[in-house]
Each structure stands twice: as C-alpha cells, then as structure tokens.
Amino acid sequence: MPLTLTDRKTDWNEIEERLYDLDYSGDEVAIILPKLQRFDELRQEKNAILLAHYYQIAPIQIIADHAGDSLALAMAARDTGDAEIIVSSTVHFMAEMVKILSPDKKVLCPAPDASCSIAEGMNGATVRRIREAFPGCSIVGYINSTAEVKAELDATCTSANARTVASRIEGEPVILIPDHYFAENILSQIHDDRRYLVYRRHEGDDLIMFDPKAGEEIPIPLEDSEPPMLNKGTCVVHEEFTPAEVTRLKEQEGVELVLAHPEVNPEIAKMADMVGGTSKMIDYVKGVPAQKILYLTECDLAAPLREAYPDRKFVTSCKLCPYMKKNSLDLLGRMPRSGALRNRGRPSGGRGFETLAGADV
Ligand code: SF4
C-alpha cells in the first residue's frame with residue numbers, strides 16, 4: 001500500500017526506545033535525537049522521503065521512511081506517489097536505481113561520492129569488449145553496477161533472482177558480471193549443460209574470464225583504446241571474511257546457524273547454512289529455531305536483525321562499508337534549499353547533496 005505523506009507522524013518516544021533497545025547510551029541518544037529532529041523538519045517542509053540501506057547506521061534506518069535492500073528501496077520510492085523529493089541514503093548506484101524507477105522525481109544523494117568497489121570494477125567499454133569476444137552471448141549483470149553498465153546488459157539481476165535469470169535467459173555463453181565471487185556462488189547452484197562464464201578481473205592488457213565448469217581462465221586482449229578498469233571489482237566488505245575467522249567465531253560464540261552474503265569468497269559460502277542477500281537473511285531467520293546466528297555481511301545489518309528477532313543473538317566480525325558510511329546524520333541535517341542543489345550524473349568526490357542527472361532543479 002503506497003505511503004501517504006500527509007498521514008506520516010513521527011513518534012519520538014518510539015524512536016528513543018528503539019535507540020535504547022539497540023544499546024545506544026543516554027549520551028549518544030542526546031546527540032542523535034536533535035539531528036534526527038532537524039532532518040525530520042526538513043523532510044516535512046520539503047515533502048521528502050528518506051530511503052536507507054540496511055548498511056546505514058541504525059539511527060538513519062530508524063528515521064527512514066523505508067529501510068531495505070537496493071531494489072526494494074527503489075521500488076518503495078516508486079510507490080510513494082506524493083513525495084516530491086527522494087533522499088537516498090545509500091551508495092551511488094542505488095540512488096541511480098531509484099532515479100531509473102522514479103524518473104520524474106528529484107532524487108538526492110547526501111553523499112554523491114559514496115561509490116561501491118563492485119560497481120567501480122567495470123565500465124560500459126568492458127561490457128562491449130566482452131560482448132565482441134563472445135558473439136551470441138547473453139550478459140547478465142548484478143544490480144551492483146552503474147547505470148552506464150546496466151545500459152549495456154541483456155539483463156540485470158539481484159541476489160534473489162540471479163539463478164533464475166541466468167538459467168532462463170537465451171543466448172550462449174551466459175556471462176555473469178560483476179563481481180566474480182557473487183557470480184561463482186550463483187553458478188554453483190545451476191546444474192545444466194549450458195556454458196557459463198564469469199568476468200574475474202583486469203590484468204595487464206587482458207580481461208580475464210573464468211569458465212567454472214572447465215576450471216580455466218580465458219584472457220581477452222584489450223584494445224589500446226579501452227579505458228582501464230578501476231579496480232578488481234570485488235566487495236571490500238565481503239571479501240574480508242576468512243575461513244579461519246568463521247571457524248573461530250563459530251567455536252567461540254557457540255553459533256548454530258551461519259548466514260552468508262553471496263559476495264563472499266566461495267570458500268566462505270561453502271561454510272554457510274544459507275547464502276543470500278540482506279532481505280533473504282532477515283526472512284530466513286523466521287523459519288529456523290537457531291538462537292545464536294553468525295551473519296557474514298556488513299555489520300549494520302545488526303539493527304534490522306535485532307529489531308526483528310529481539311530474542312536471538314546475532315554475531316559477526318564487524319566489517320563496515322567505507323562507501324555506505326560516507327552518509328551521516330550531519331549530512332541529512334544539511335539538506336539544502338532547492339536553489340542550492342547541483343545537478344550531476346557521476347560520483348566524483350562532492351561534498352554532499354547533489355541531484356542525479358535529469359532531475360529538475
Ligand atoms: S558493502 Fe560491498 S557491495 Fe555493498 S556498497 Fe559496500 S562495497 Fe559495494
């Protein structure tokens with residue numbers, strides 16, 4: 001049911017309680033609440049809504065109109081008909097997704113330089129080179145990619161539907177991009193006779209593809225004119241988990257259930273009871289009796305997990321996404337007057353609050 005903004009009422013007692021329940025101290029709550037109230041005033045004044053990814057700090061998730069994973073946020077914003085402004089406290093590619101689904105709305109990025117190491121790992125020219133090298137292929141891209149890359153794809157998938165999209169799309173080989181840990185984890189669940197390839201990295205003058213069934217890498221020579229890749233394109237958060245760490249946490253904490261995000265190394269995925277995205281992790285807990293649960297994803301998923309299941313214990317080795325954390329309560333409280341907004345389509349180290357390309361400022 002679409003949210004009607006005129007019906008929205010902020011219950012400050014409830015917000016305070018939620019902060020205490022999440023172990024914020026009295027001193028911390030005294031600092032946080034005025035910042036939330038400042039943002040709430042601006043939000044009401046401007047007829048805006050706030051989207052917060054599950055990797056935002058808990059206070060931002062609590063004050064948000066919608067907290068969720070990337071596609072869910074974009075869909076929720078699309079369905080909030082009477083909002084004039086959508087503030088996307090996420091990373092840049094997620095704000096782009098919001099804009100793609102709500103092209104007539106003003107979409108604001110509090111931290112336009114909040115990129116993503118996966119999205120940075122590939123550009124449109126990379127996709128075109130891969131397509132040239134494999135005539136007849138279909139290229140399926142993960143949602144963690146820029147709009148420039150998405151425009152070159154045959155299909156975009158999420159962690160929830162990647163297996164279905166990859167196994168049903170026409171064309172061969174089916175190529176999954178980025179990132180390769182995610183792709184290899186998804187392909188380990190597909191058992192048919194088709195040929196699947198994964199883009200692994202840029203190395204020297206080659207793009208390196210990987211054939212999981214053959215277990216071999218395939219280099220594709222780059223043309224001189226190809227722009228360089230920005231990085232290897234794995235998630236700086238999820239690649240940090242190690243088998244030794246998972247074993248230690250399981251033993252130390254008496255863990256009964258391990259949840260892993262599909263962006264972890266496949267060696268880690270094999271150690272998990274369930275591999276899935278953030279929403280799937282939250283839903284999965286509902287159906288199992290385990291009391292001590294290890295979650296292998298960004299630390300701040302703790303807030304929705306603990307609020308949904310206050311009687312369970314959630315443990316992790318707390319890893320924070322440096323891109324997501326570029327958003328802050330202070331930035332939200334500085335939402336500028338419309339005349340002060342700038343309009344730019346690419347992340348580039350700005351100081352906050354820019355509109356995405358095409359927005360009417
Ligand atoms: S947690 Fe990883 S995939 Fe998510 S935004 Fe940060 S770097 Fe990107």
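This is a predicted model: local features need pLDDT of at least 70, side-chain atom pairs count only at pLDDT 80 or more; totals for chains, interfaces and linings use all residues.
Across which strands does helix α10 lie?

**View 1. Helix α10 lies across strands β11, β13 and β14.** The helix comprises residues 243-253, and β11 comprises residues 257-260. Relative to β13, helix α10 runs at about 160 degrees.

**View 2. Four strands form an open sheet with parallel pairing.** The order of the strands is β12-β11-β13-β14. Strands β12 (274-275) and β14 (313-315) stand at the edges. Each of these two has a single partner strand, so one side of each is left without a neighbour in the sheet.

**View 3. Strands β13 and β14 run parallel and are joined by three bridges.** Strand β13 consists of residues 292-296. For I293, the bridge partner in β14 is F314.

**View 4. Helices α1 and α2 cross at roughly 140 degrees.** Helix α1 spans residues 12-21 and helix α2 spans residues 26-46, and their axes come within 11 Å. An angle of 65 to 115 degrees would count as roughly perpendicular and one over 145 as roughly antiparallel; α1 and α2 are therefore oblique to each other. Their crossing is right-handed. On the α1 side, the contact is made by I15, E16, L19 and Y20, while α2 contributes V29, I32, L33 and L36. By class, the residues of this contact are seven nonpolar, no polar and one charged.

**View 5. D23 is found in the loop between α1 and α2.** The phi angle of D23 is near 75 degrees. This is a positive value in a residue other than glycine.

**View 6. A cis peptide bond joins E172 and P173.** The omega angle of this bond is about 0 degrees. P173 lies in the loop that connects α8 (162-168) with β7 (174-177).

**View 7. The peptide bond from P178 to D179 is cis.** Here omega is near 0 degrees. D179 has its place in the loop between β7 and α9 (180-187).

**View 8. The ligand is surrounded by 14 residues.** The closest of them are C116, S117, C235, V237 and C321. Divided by class, the shell around the ligand has ten nonpolar, two polar and two charged residues.

Technical notes
Residues are numbered from 1 along each chain as its sequence is written. A residue is near a molecule or strand if its C-beta atom, placed from the backbone, lies within 6 Å of it. Ala, Val, Leu, Ile, Met, Phe, Trp, Tyr, Cys and Pro count as nonpolar, Asp, Glu, Lys and Arg as charged, and the others, Gly among them, as polar. Two strands pair if DSSP finds at least two bridges between them. Two residues are in contact if their C-beta atoms, placed from the backbone, lie within 7 Å. Axes are lines fitted to C-alpha atoms, for helices over the stretch in contact, and angles run from 0 to 180 degrees between N-to-C directions. Angles under 35 degrees count as roughly parallel, over 145 as roughly antiparallel, 65 to 115 as roughly perpendicular and the rest as oblique. A crossing is left-handed if the near helix is turned anticlockwise from the far one by less than a right angle, and right-handed if clockwise.
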